[in-house]
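Take a walk through this protein with the model open beside you. Keep the sequence at hand and find each part as it comes up.

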Amino acid sequence: MNGEHKITGGHRARTALVYLRQSTLMQVREHTESTLRQYALADTAVALGWARQDVEVIDRDLGLSGTSAAHRQGFRELMSRVCLGETGAVFGLEISRLGRSNADLARLAEMARLTDTLLIDSDGVYDLADFNDWLVLGLKSTMSQAELHIMAGRLQAAKRAAAERGELRAPLPVGLVYDDDGMVVLDPDAEVQAAVADIFACFAAAGSAYGVVAAFAGRKFPQRAYGGVWAGQLRWAPLTHHRVLQVLKNPAYAGAYVHGRHVTRKTVDADGNVRTVTAEVPRAQWPVVIKDHHPGYLTWEEYLAIEARLAANHTGGGGRPVREGTALCQGIIICGGCGGPMAANYHGDDRASYECHSHRDGKKTPGCRGITAHAVDDAVAAVLLQALTPEQVALALAAADEVTGQHQRAGRAAELAVERARYEADRAERAFGQVEPENRLVARTLEARWEARLAALADAEQALQTAQAALPPLPDRASLAKLAAGLPALWHAHTTTARDRKRLLRTLIADVTLLPEANQGKARIGIRWHTGAADEIVIDRPKPTGVPAPTPTPATQLIRELGPVTSNAGLVAILAQRGYLTGAGRPFDTKAVQWVRHAYQIPAPSPYDSGQISVADAARRLGCSPGVVYYWIENGQLAARRSPSGRLCIPWTPATEADCHARIASSGHLNPAARRTKPRQRH
Ligand SMILES: [Zn+2]
């Protein structure tokens with residue numbers, strides 16, 4: 001061995017440490033010969049004169065990455081053993097790669113120099129006290145670092161170039177596989193296909209990832225194993241929430257080729273250890289997105305819709321998803337006083353109110369108020385339905401046509417750019433194909449140019465796709481108009497759930513704000529549409545139930561004037577004709593008129609025509625009970641008519657009165673005197 005003469009008896013008297021490491025478990029599994037060679041170093045130590053019992057193998061770091069010593073127990077043990085001075089030599093397959101970071105190796109070299117420990121690898125023996133050896137080892141370490149850097153750089157650049165063309169093969173999620181030509185296709189296994197498709201179907205129905213998990217209860221979902229003994233095989237396991245999110249967020253299912261969805265970043269934790277964390281990259285920053293790259297389970301638009309829905313469900317991120325209750329503006333209503341969200345509170349029998357909860361955080365402002373939910377809901381729903389009248393839809397369509405025209409002009413420009421880029425790329429390819437293989441320098445330049453043209457073509461195609469994607473497909477006018485006309489009925493239908501109404505509301509309205517209002521009786525509501533437009537409406541605050549609202553004066557005046565001579569039904573008709581409303585904002589009904597009569601003590605008009613009297617009056621005049629009069633009327637002995645309000649009116653004349661008196665006088669039942677005398681007369 002090179003430099004064997006540097007080994008002295010002093011070194012041989014101390015322990016020889018054989019340090020083994022292999023970055024990943026895959027390397028350990030697949031590069032078995034390397035592992036064997038590392039273990040063979042123990043034999044080398046014996047061959048170099050160490051006693052077998054003095055040779056120790058440190059193999060705790062097999063399968064751990066060498067990028068940092070932080071998690072490598074074996075390397076730490078090695079360092080401490082060297083520091084103690086009880087080690088004669090350290091054996092490694094390649095000393096310069098012992099610690100991947102220069103810092104690790106520099107520390108080891110420094111300690112070895114101080115404790116007169118030799119470092120030995122297949123290249124030879126390094127005595128760090130020897131300046132020459134120290135220099136050689138330092139150089140080798142720097143070289144290996146540089147080599148790593150250059151290799152990684154080349155690999156990354158090659159990967160990036162392939163990815164930009166959509167040709168870098170990445171592991172595919174379950175449900176998609178590579179066919180024999182390397183193209184991405186749907187998994188031919190019908191069961192797998194159905195399971196994946198069902199996730200999207202369940203999400204569309206349930207609206208949440210947890211809903212999908214619930215729908216899959218008792219059913220297993222396939223997962224493809226990457227690496228390991230099970231590599232490439234399908235395993236069926238219960239579906240977890242995490243898995244559902246993985247599937248829903250994976251753009252590969254939408255037929256898109258995406259590179260760079262995740263980045264790894266290095267962080268230093270509190271103990272000074274370097275950790276590598278993987279983070280998701282926001283969709284807008286994905287470096288490579290190629291739509292319609294392969295067949296998928298859903299369209300790109302559907303993928304975006306799922307993304308938006310997931311974001312809305314994410315309460316931790318500020319999302320306020322649609323809940324079960326009837327309060328329509330739940331989740332989108334904001335307090336105009338403090339700017340915080342208002343909560344929908346239910347007070348039994350489904351009556352709800354919106355209340356600002358900022359007092360919990362001590363942020364309550366004088367403008368913070370609550371309001372009955374139905375008052376806001378009715379007003380907002382009315383505005384929404386008004387915005388969806390056939391006329392409004394027609395107007396919106398006309399505007400959309402105008403925008404479409406502009407888009408088409410922009411789209412045409414993008415199409416031409418793609419055509420030109422394709423021509424340039426073809427030309428570069430032809431030029432490359434015509435060059436003689438011997439003319440390597442020229443070929444290399446032409447290849448680079450071809451590569452650049454292909455990249456430009458990909459860019460142009462991407463721009464065209466973006467232009468086309470920005471163009472929303474317009475449904476035909478007739479069906480839209482029909483839909484808009486039927487909307488109010490659909491909105492009020494019993495089969496339409498509160499959840500459906502809220503979702504519909506949220507498709508158009510971004511948020512609703514209860515604005516501060518000085519007038520206690522009014523509420524000012526701001527409505528912000530998704531289009532960016534804003535509306536403001538003012539409604540009457542509903543009065544607390546139990547206390548009737550004071551009726552506005554003109555209506556009261558009318559009831560006072562006409563009340564004594566007009567029936568309640570007549571008053572209702574007149575009030576409706578003049579368009580008067582009650583204090584609660586509703587049209588007058590009989591009950592409301594009755595209330596005003598009671599409040600202002602307005603007498604009702606007499607239902608009796610002249611010459612007619614009531615049952616009570618008749619009873620009083622005859623000196624009998626009203627029951628007797630009712631009995632006569634029922635038996636046809638006394639004429640009477642019913643007024644529109646249901647009262648009995650008896651036409652009263654002196655003759656009628658005389659008849660009645662006679663009837664009483666002759667009745668033993670009614671006249672005790674007559675009863676007493678008649679039987680006695682028979683005796
Ligand atoms: Zn508030």
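**A hairpin, a sheet and a zinc site**

Strand 4 and strand 5 (residues 124–127) pair in the antiparallel sense, over four bridges. Two strands count as paired if DSSP finds at least two bridges between them. Strands here are DSSP runs (E, at least two residues), helices are runs too (H or I, at least four residues), and both are numbered from the N terminus. This is a predicted model, in which local features need pLDDT of at least 70 and side-chain atom pairs count only at pLDDT 80 or more, while totals for chains, interfaces and linings use all residues. Residues are numbered from 1 along each chain as its sequence is written, and side-chain values use heavy atoms, with hydrogens and water left out.

Stay with the hairpin. Two residues sit between strand 4 and strand 5. Asp 121 has Gly 124 in strand 5 as its bridge partner. Strand 4 has another neighbour: three bridges join it to strand 3 (residues 87–91), and these two run parallel. Here Val 90 is partnered by Leu 119 of strand 4. In general, strands of a sheet pair through backbone hydrogen bonds, either parallel or antiparallel.

Is strand 4 covered on one face or on both faces? Both are covered: Leu 118 and Ile 120 are buried on one side, Leu 119 and Asp 121 on the other. Buried means under 20% relative accessible area, exposed means over 50%, and partly exposed lies in between (1.4 Å probe, protein chains only).

Most residues other than glycine have a negative phi. Asp 116 is partly exposed, because its relative accessible area is 35%. Asp 292 also has a positive phi, near 50 degrees. Look for Asp 292 in the loop between strand 13 (288–290) and helix 10. With a relative accessible area of 68%, Asp 292 is exposed.

Now step into helix 10 (residues 300–313). Trp 300 and Tyr 303 both lie in it, three residues apart, about one turn of the helix. How are their rings arranged? The centres are 5.1 Å apart and the planes stand at 25 degrees, so the pair is stacked. Rings of Phe, Tyr and Trp (its six-membered ring) pair if their centres lie within 6.5 Å; planes under 30 degrees apart are stacked, over 60 edge-to-face, and the rest tilted. Trp 300 counts as buried at 10% relative accessibility, and Tyr 303 counts as buried at 4%. A search of the whole structure finds eight aromatic pairs. Ring pairs also link Phe 200, Tyr 253 and Tyr 297 into a cluster.

Next, the zinc ion. Which residues hold its protein donors? They are Cys 335, Cys 338, Cys 356 and Cys 368, each through SG, at 2.1 to 2.3 Å from the ion. Donors are N, O and S atoms within 2.8 Å of the metal (3.2 Å for Na, K and Ca); water is not among the atoms, so sites may look incomplete. The angles between the four donor atoms run from 101 to 115 degrees, so the arrangement is tetrahedral. The ideal angle for four tetrahedral donors is 109.5 degrees.

Along the chain, the donors follow the spacing C-x2-C-x17-C-x11-C. Cys 335 and Cys 368 are both buried.

Four strands form an open sheet in the order 14-18-19-20, with mixed pairing. Strand 14 and strand 20 (534–540) are the edge strands, each pairing on one side only. Strand 18 (residues 509–515) and strand 19 (residues 522–529) run antiparallel, joined by six bridges. There, Leu 514 stands opposite Ile 525 in strand 19.

Finally, zoom out. The protein chain has 22 helices and 23 strands. Of its 683 residues, 35% count as buried.

Conventions:
Four donors count as tetrahedral if all angles lie between 85 and 135 degrees; four count as square planar and six as octahedral if opposite donors are over 155 degrees apart and all others between 65 and 115; anything else is irregular.
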